[in-house]
Amino acid sequence: MEFDEALPRLAAAYNQGVLVPFLGAGMSRPACPDWVGLITGLEERCGIDPAAGATGAADLVRRGNRAVRLLKRRDDRAFIDGMRSALYRGRPAVPPQTEALARIWWPLVLTTNYDVHYARAYGRWHKDARDALTVLGRSAQDCQQVLSSLTSTSGCLLWALQGYLAARGEHPLHPELVVGHEEYRRVTHTAQHFRRAFAEVFRRRSFLFLGSSLGDTYLLDLFGEILEFAGANPLPHYAMVMRDTVDAPFLRSRFNIIALQYDDYGELPGWLDTLRAEIDRAGTRPVRWCYSLAAGDAAGSAAGVEDLEIVRGVLPPPAEGEVVAVSAGTGRGGLLWVSEGIHETVGPFWPRAVVGRGYLMDRLSERFVFGFQKPDGTGPVPVVAVNARVDDRDRRDLRLISEAVWELLEWAAASGFRAVRMQVLASGKSAHYPARFSLAEAVRAFGRWRRATGHPLALRIHLMDPRALLEVGTGRLDVVELLTCEDVRFWVEVVDGGQVLERELVFADADAALASIAGRFDVPRAGWGIDVNPRPRLGSQPQTVESEWDTDLLSIGVIPGATLRFIAPEPPPVPAARPGKAAARPGKKESPTRARRS
């Protein structure tokens with residue numbers, strides 16, 4: 001299959017949330033050495049003359065194993081430093097093919113590379129802190145986090161299959177570094193949790209192999225094992241490779257991998273840019289998601305009514321019987337402001353204030369809803385502003401979203417409107433949390449309000465954020481659950497020494513006390529800390545379990561999809577060795593907490 005033929009399929013797979021890049025060594029060249037160059041660098045580090053070694057495949061494996069063994073015999077630092085010096089020579093520019101890939105936002109990327117170049121490129125193109133990249137390894141907890149990302153909302157994950165080497169300083173995945181195919185094969189054969197997690201991702205996602213010749217037998221053996229056990233893959237995989245370097249019919253028939261072959265490696269960045277344009281181009285994709293709540297409606301409305309509608313696109317002017325609710329920020333002098341795009345939509349219904357895009361508004365509800373009468377002074381307000389902010393410094397707080405939406409619905413129903421069209425509240429670029437969390441809170445508030453009142457008021461949420469749209473379109477944001485369930489689904493992590501020891505999906509009432517969750521995980525009241533991701537308010541800090549023991553989960557900031565972390569206390573410092581006692585070898589000192597984990 002040619003690239004042009006496969007392009008619509010690749011874009012469709014991306015928009016369905018199933019396309020996952022799988023990076024090989026070619027994605028990091030020429031910034032990083034090839035396999036021969038890496039082994040040569042390791043040999044130089046440990047004093048072996050590289051020129052004396054043969055370069056056959058088996059010879060390279062033997063040479064690599066010997067160099068790694070010699071470095072590890074010295075101490076742990078010698079191996080890490082040797083790998084770093086062999087991998088990073090100076091600070092070369094990120095390769096153009098990696099830059100092109102990073103311009104696309106990917107929820108999950110797999111890599112067999114050790115280097116930081118994809119992470120650097122990702123940070124350059126996605127500067128929003130809400131889209132921070134999380135690097136995961138082969139541990140049981142990391143594998144569980146990768147698997148949970150397949151079905152629930154998450155951030156952006158880089159799954160480093162062979163370890164990850166920071167350009168400087170320490171990194172939690174340094175102990176997972178494996179060099180060479182034989183060593184990696186041994187590791188994966190003994191790590192059943194990793195093999196099963198990889199098999200699940202292989203079955204449920206379409207891999208896009210980049211920078212790999214697919215000639216590594218340990219990878220093909222892993223793929224073959226999955227296919228022998230589970231049968232033919234329901235989704236195709238794709239590989240962008242140099243022409244005539246792979247057996248395309250064999251890959252297609254044996255592994256369901258479609259080879260897209262180029263004549264020059266320099267074509268790859270252009271192909272990835274073309275894929276990005278195809279993804280962004282307005283094509284065949286869902287434009288609205290509709291949900292009916294009529295079945296359990298006290299108002300007895302007819303089945304099939306579109307009570308909630310999530311619409312891909314900007315807010316339109318209000319139609320007859322509708323009110324448009326826009327998200328407003330707090331400006332100087334008590335003015336409320338809206339974005340330029342929103343002003344173009346609502347300007348005809350709002351008298352302009354003297355300054356900028358500021359508006360002097362009347363408060364229409366107890367706390368959050370503001371607006372004007374129509375210019376002629378008659379009738380209900382066709383456009384209102386919802387200011388879900390903490391104070392006049394324009395600080396957002398996720399805990400206010402549900403309350404603000406509830407108040408908006410109450411006001412709209414009392415004012416005689418039949419439908420509300422609204423933006424996702426308080427989720428602009430300056431928000432410290434992804435838009436999907438605000439969307440989830442709005443949907444959940446609407447479901448709770450309809451169950452409590454039975455009023456047939458409809459809600460139309462207009463959504464532009466591409467990340468949130470992907471979450472809705474792929475079903476990772478479960479709208480039906482948010483509309484119908486009173487309890488909250490969230491993650492709990494138990495963290496010790498910076499490592500996640502336990503990670504579990506929990507269902508609990510939002511008004512349940514923290515003590516009830518701490519008890520389930522045997523977390524004591526004294527000494528431990530808690531943190532919530534995303535934090536409900538910018539600048540809020542971790543608290544102690546003791547101070548929040550009787551506080552309800554919503555007040556702490558636990559909302560659907562959030563992560564509640566219990567943080568173990570730091571171990572006491574290790575006393576200095578007394579004179580005459582042998583000092584511990586460098587790199588072998590271990591805190592009591594970490595020793596207990598191992």
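I started at Ala426, which is buried at a relative accessible area of 1%. Buried here means under 20% relative accessible area, exposed means over 50%, and partly exposed is in between (1.4 Å probe, protein chains only). Ala426 is not a glycine, yet its phi is positive, about 50 degrees. I found Ala426 in the loop between strand 17 (419–423) and helix 15 (435–453). Helices (H or I, at least four residues) and strands (E, at least two) are DSSP runs, numbered from the N terminus.

Residues are numbered from 1 along each chain as its sequence is written, and side-chain values use heavy atoms, with hydrogens and water left out.

Next I looked up Asp244, which also has a positive phi, near 65 degrees, without being a glycine. Asp244 sits in the loop between strand 6 (237–242) and helix 11 (248–255). Is Asp244 buried or exposed? Asp244 counts as exposed, at 71% relative accessibility.

**Cis bonds**

I noted a cis peptide bond between Arg29 and Pro30, with omega about 5 degrees. Pro30 is in the loop between strand 1 (19–23) and helix 2 (35–45). Asn533 to Pro534 is cis as well, with omega near 0 degrees. Pro534 falls in the loop between strand 21 (529–533) and strand 22 (543–544). I flagged these entries because most residues other than glycine have a negative phi, and most peptide bonds are trans.

**Arg138 and helix 7**

Arg138 is in the loop between strand 3 and helix 7. I did see the Arg138 side chain reach the backbone oxygen of Leu161 at 2.9 Å. Beyond four places in sequence, Arg138 touches residues including Cys143, Tyr184 and Phe194; contact means heavy atoms within 4.5 Å.

Cys143 is one of the buried residues of helix 7 (residues 140–149). Those buried residues pack against elements including strand 2 (108–111), helix 9 (192–204) and strand 20 (499–508).

**Aromatics**

I counted 22 aromatic pairs in the structure. Rings of Phe, Tyr and Trp (its six-membered ring) pair if their centres lie within 6.5 Å; planes under 30 degrees apart are stacked, over 60 edge-to-face, and the rest tilted. Tyr118 and Tyr122 make a tilted pair, 6.2 Å centre to centre with 45 degrees between the planes. They are 4 residues apart in helix 6 (residues 117–125), so about one helical turn separates them. Both Tyr118 and Tyr122 are buried.

**Confidence**

The chain's mean pLDDT is 84, and 87% of its residues reach 70 or more. pLDDT is the predictor's confidence in each residue, from 0 to 100. Where pLDDT is low, the predicted coordinates should not be read in detail.

Technical notes:
This is a predicted model: local features need pLDDT of at least 70, side-chain atom pairs count only at pLDDT 80 or more; totals for chains, interfaces and linings use all residues. A polar contact is a pair of N or O atoms within 3.5 Å; within protein, one must be able to donate a hydrogen and the other to accept it, and residues adjacent in sequence count only if both atoms are side-chain atoms.
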